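Please keep the viewer open and follow the points in order.

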Amino acid sequence: MTSGQASGAATGIQRDETGRRAVRRRALKLGGLLAALVLPAASGCGIQPTGITSLGPAPAVSGGAAQRALAQQVGSSQYVLFFYQDGRLTPTYRNSDSTTNEETVLGAMLQGPTKEEAAQGMSTALPTGLIAVPRASGQADAYMVTQPLTTKAKAQFLCTMQYWDQSISVGIQIKGAEKPTWNACADMVDYYVPMPGDGSAVGVVPSG
């Protein structure tokens, strides 16, 4: 290679290197420009460019959901009764000295609210002197009653015993009838009543 050729080759290499540096500088400038444009836009949209944002605690359960959650905490020595408060069936929680059974719940419902519950505005729609016996016509979750029940009394009876039985429906057989009539709590009320499961109730408005 002559000196002229060597000089030309060196000049070509130098030009290529200079071109590469220029391209890198332009790329860096372009990258900086894009970052400057993107970050303010992201911030304006509520996106944090760095760090972790705390969202705070989860919202507390309220209303019917809270009532339902409370209703499902009942243990083996505790049980639920329904009485009327401000015109609506409302759960009240009783404690038993021993393991609760069907007769415990049935007897407590027929006796009505305690003094403390009555002081809170709770009342019963069940008639005085009503007697109810389990297993009407030999069927589980069915009850023989000695008196006809008003719509409100029937709703109270059904909701209380369905909650205890955790059944789809409850049978009520008036003494002298051939067989029980089966209904669910949801058939008798047009408002939420907590039940094991979803418990939503929309149906006939209690009257009478």
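1. A word before we start: this is a predicted model.

2. Three strands make up an open sheet, arranged in the order 2-1-3 with antiparallel pairing. Strand 2 (88–95) and strand 3 (122–123) are the edge strands, and each pairs on one side only. In general, the strands of a sheet are joined through backbone hydrogen bonds.

3. Next, look at how strand 1 (residues 78–85) meets strand 2: the two pair in the antiparallel sense over eight bridges. To see one spot along the way, find Phe83, whose bridge partner in strand 2 is Thr90.

4. Helix 3 (residues 102–111) touches strand 1 and strand 2, and its direction makes about 25° with that of strand 1. Helix 5 also touches strand 1 and strand 2, but its direction makes about 160° with that of strand 1.

5. Now for the aromatic rings, where the structure holds two pairs. One of them joins Tyr143 and Phe157 in an edge-to-face arrangement, with 5.6 Å centre to centre and 70° between the planes. This pair links distant parts of the chain: Tyr143 belongs to strand 5 (residues 142–145) and Phe157 to helix 5 (residues 151–165), 14 residues apart.

6. One last thing to look up is Lys152, which lies over the face of Tyr84, at 5.8 Å from the ring centre.

Definitions and conventions: Residues numbered from 1 in each chain as written. Predicted model: local features only at pLDDT ≥ 70, side-chain atom pairs only at ≥ 80, totals over all residues. Heavy atoms only, no water. Phe/Tyr/Trp six-rings, centres within 6.5 Å; stacked < 30°, edge-to-face > 60°. Helix = DSSP H or I, 4+ residues; strand = E, 2+ residues; numbered from the N terminus. Lys NZ or Arg CZ within 6 Å of the ring centre and 35° of its normal. Pairing = 2+ DSSP bridges. Contact = heavy atoms within 4.5 Å. Axes fitted to C-alpha atoms, helices over the stretch in contact; angles between N-to-C directions.
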